[in-house]
Amino acid sequence: MLRKFWIVLAAVMTMALGGCGYNDLQRQDEGVKAAWSEVLNQYQRRADLVPNLVNTVKGYAQQEQQVLTEVTKARAQVGSIKVTPEVINDPEAFQKFVQAQNQLTGALSRLIAVSEAYPNLKSDQNFRDLQSQLEGTENRIAVARNRYIKSVQEFNSTVRQFPTNLTAMIFHMNVKPNFSVADESTISTPPKVDFGKGAAPSAPTVPPPGGATPAPGGPTPAPTPGAAPASTPAPKS
């Protein structure tokens with residue numbers, strides 16, 4: 001009899017939790033964690049490209065020490081932050097992580113802008129490969145961040161809604177930090193990779209009114225219809 005009572009009680013509690021949004025909260029929480037893991041993977045991929053990129057640029061642009069130092073320091077700052085799964089539950093730690101990544105984004109953008117002044121660097125095959133990988137990684141970062149943003153928005157909306165907000169309070173499920181609009185403006189435009197374009201064609205020479213200029217020693221061209229004839233100087237007396 002007692003066993004049947006516990007079975008019935010367990011069934012009732014399961015139905016109650018499902019009706020109060022517990023299952024939805026768990027599913028969405030797992031979705032946020034998965035999206036966050038992808039964000040971290042892409043950021044790590046970018047960080048791994050930095051040393052080779054800096055060394056390649058240094059070989060052609062040794063005098064750009066300030067920009068190279070900024071990139072190296074920004075990359076070191078990113079690496080010094082210990083990222084755990086709990087970061088997405090700690091707004092302060094999350095913001096610290098975002099700021100470090102934004103600093104690295106800005107430093108890499110300046111490095112790419114500097115490279116435009118060195119034709120030999122731009123033509124280096126290793127540099128071109130690294131630039132292409134960096135551009136692709138920046139695009140993947142943007143996609144991963146967008147997925148994380150949507151996952152967090154869905155989770156936070158469920159946490160705030162009634163009656164799931166009561167379930168969230170009981171199980172200590174709070175709203176999670178998200179990327180801000182300012183963060184997205186920083187990442188939305190990845191560093192452009194411009195390996196140089198050919199010089200623009202020169203504008204065609206427009207002949208002066210009244211016909212083309214005759215070549216030295218050549219025949220005088222016929223006057224253009226409607227043009228005033230050239231005046232003949234008066235003979236000297």
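This is a predicted model: local features need pLDDT of at least 70, side-chain atom pairs count only at pLDDT 80 or more; totals for chains, interfaces and linings use all residues.

K33 and E30 sit 3 residues apart in helix 2, so about one helical turn separates them.

Why do pairs like this form? Side chains of opposite charge can pair when their charged atoms come close.

## Pairs that reach across the chain

Now for R46 and E138, whose side chains form a salt bridge at 3.0 Å, N to O. This pair links distant parts of the chain: R46 is in helix 2 and E138 is in helix 6 (residues 125–160), 92 residues apart. R46 is buried, with a relative accessible area of 0%, and E138 counts as buried at 1%.

D29 makes a salt bridge with K176, their closest N and O atoms being 3.0 Å apart. D29 lies in helix 2 and K176 in the loop between helix 7 (164–170) and helix 8 (181–187), so the pair ties together parts that are 147 residues apart in sequence. D29 is buried at 10% relative accessible area, and K176 is buried at 7%.

Shared partners join D29, E30, K33 and K176 into one salt-bridge network. Across the whole structure, a search finds 8 salt bridges.

## The helix itself

Helix 2 runs over residues 22–60, and its 39 residues should span 57 Å at 1.5 Å a residue; the end C-alpha atoms are 58 Å apart, which agrees. There's also a kink of about 30° at V50, shortly before the proline P51.

Key:
Residues are numbered from 1 along each chain as its sequence is written. Side-chain values use heavy atoms; hydrogens and water are left out. Helices (H or I, at least four residues) and strands (E, at least two) are DSSP runs, numbered from the N terminus. The expected span of a helix is 1.5 Å times one less than its number of residues. The bend at a residue is the angle between axes fitted to the seven residues ending there and the seven starting there. A salt bridge is a side-chain nitrogen of Lys or Arg within 4 Å of a carboxyl oxygen of Asp or Glu. Buried means under 20% relative accessible area, exposed over 50%, partly exposed in between (1.4 Å probe, protein chains only).
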